[in-house]
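I opened my notebook to look up one residue and its surroundings. My entries follow the model shown here.

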Amino acid sequence: MAWDIACSQTQPALLVAPAGYRFVVQPTVLAGPCQTSLLFQIDGTIMAPDGPRSWPNYSNKRQWLVFYNVTGMTVQGDGVVDGRGHKWWDLPCKPHKKLIDQRNVQAIRFFMSSNLTVQGLKVQNSPQFHFRLDHCQNVVVRMLNIHSPSLSPNTDGIHIENSNNIIVHSSLISNGDDCISIGAGSYNVHIRNITCSPSHGISIGSLGFRNSGACVSNITVSDCFIHHSQNGVRIKTWQGGYGSVSQVKFHNIWMEGVRNPVIIDQYYCLSKNCSNQTSGVYIHDVSYSNIRGTYDVRSPPMHLACSDSVPCTDLELSDIVLFPGADHGGVAEKNPFCWNAYGGNQTLIVPPVSCLIGGSPDLIMDLKEDLC
């Protein structure tokens, strides 16, 4: 009711969740369009129902707080958005029929919205994705603190999909999956000054699932610190997809104890039953510069595994200095790995990367890039 009243105002409106209060909110769609700009000030705590059995039967089990078709809104405050995900994480991978799909729950989702600012909030313990932008444009996300345990499954911090003109900066993310993930249909996305500790790193993908198309371009990731994470900066695609990833820049990234600091994985698979296919997402025009720090020697510091049928091209490495971490338990260091990866080193790289193929492949197949 408070949302409906605020949304219907003809003058700029303020909706407040005041400090000192905790609100248990059922799965809710806060829908526009609103008549005016709206400020949602969260200074108290907004909590999800306590686990899957507490959610109403009529609700969509995949999302909790959804902002739909909203323009010109700011969400801010010193408060907490708590997904209370612990009971969801304990569900088995193949839950009972009555609980099917209930692990795939997003805490905050902005859908088909534009001209948004989200700042200052703490978002914690989402059942899965903490914060999602889907079919959005012209969004600024800053000064968020996102937290869930390091073993909480699929709890991506910020996920961006089918969205453009997005800026994410000056935030701290600690979670059990990708710190930030960028999905298909996203372009003009700029990420800077992010601390990921621990996490699965900053990822483009996964893309091309079930032979789908994926177009991602003009992505920059800069001035970030990635600490004790499974990955650093990653591009991941499934076999059999199509489309392209292009105009990507990873710049000025500090790694500390990261297992896969620089990784392209075009054989992404969540089981052992994924076979090579004749199509793949075309990755090209990707640069890595001023990436420094230490890595976990159980994996190579750079892993550039491109598709057999669709090589990566125009990969550019410069000013990369990665040393093995001090606590390597006697494990031997692994050399950088490349497969069907074309590009070059602009400066001396540590450790040296001699596996890139110079020039361009003789023939690039029909990559369906025109769909992008």
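I began with the contacts of Lys-236, where contact means heavy atoms within 4.5 Å. Leaving out residues up to four places away in sequence, Lys-236 touches Asp-178, Ser-203, Ile-204, Gly-205, Ser-206, Leu-207, Asp-265 and Tyr-268.

I noted the ground rules next. This is a predicted model, in which local features need pLDDT of at least 70 and side-chain atom pairs count only at pLDDT 80 or more, while totals for chains, interfaces and linings use all residues. Residues are numbered from 1 along each chain as its sequence is written, and side-chain values use heavy atoms, with hydrogens and water left out.

I then asked: is Lys-236 buried or exposed? Lys-236 is buried, because its relative accessible area is 4% and buried means under 20% (exposed is over 50%, partly exposed in between; 1.4 Å probe, protein chains only).

I looked up the polar contact of its side chain. The side chain of Lys-236 meets the side chain of Asp-178 at 3.0 Å. A polar contact is a pair of N or O atoms within 3.5 Å; within protein, one must be able to donate a hydrogen and the other to accept it, and residues adjacent in sequence count only if both atoms are side-chain atoms.

I placed the residue in its strand. Lys-236 belongs to strand S21. Strands (E, at least two residues) are DSSP runs, numbered from the N terminus.

Which strands pair with S21? I found S19 (residues 202–207), parallel to S21 and joined by 4 bridges. I also found S23 (residues 260–265), parallel as well, with 5 bridges. Two strands pair if DSSP finds at least two bridges between them.

I listed some partners. Ile-204 is bridged to Ile-235 of S21, and Ile-202 to Val-233 of S21. Lys-236 stands opposite Asp-265 in S23.

I stepped back to the sheet. It is open, has 11 strands with parallel pairing, and runs S3-S6-S9-S12-S15-S17-S19-S21-S23-S25-S27. S3 (28–31) and S27 (337–339) stand at the edges, each with a single partner strand, so one side of each lacks a neighbour in the sheet.

The protein chain averages 91, and 92% of the residues score at least 70.

Methods:
pLDDT is the predictor's confidence in each residue, from 0 to 100.
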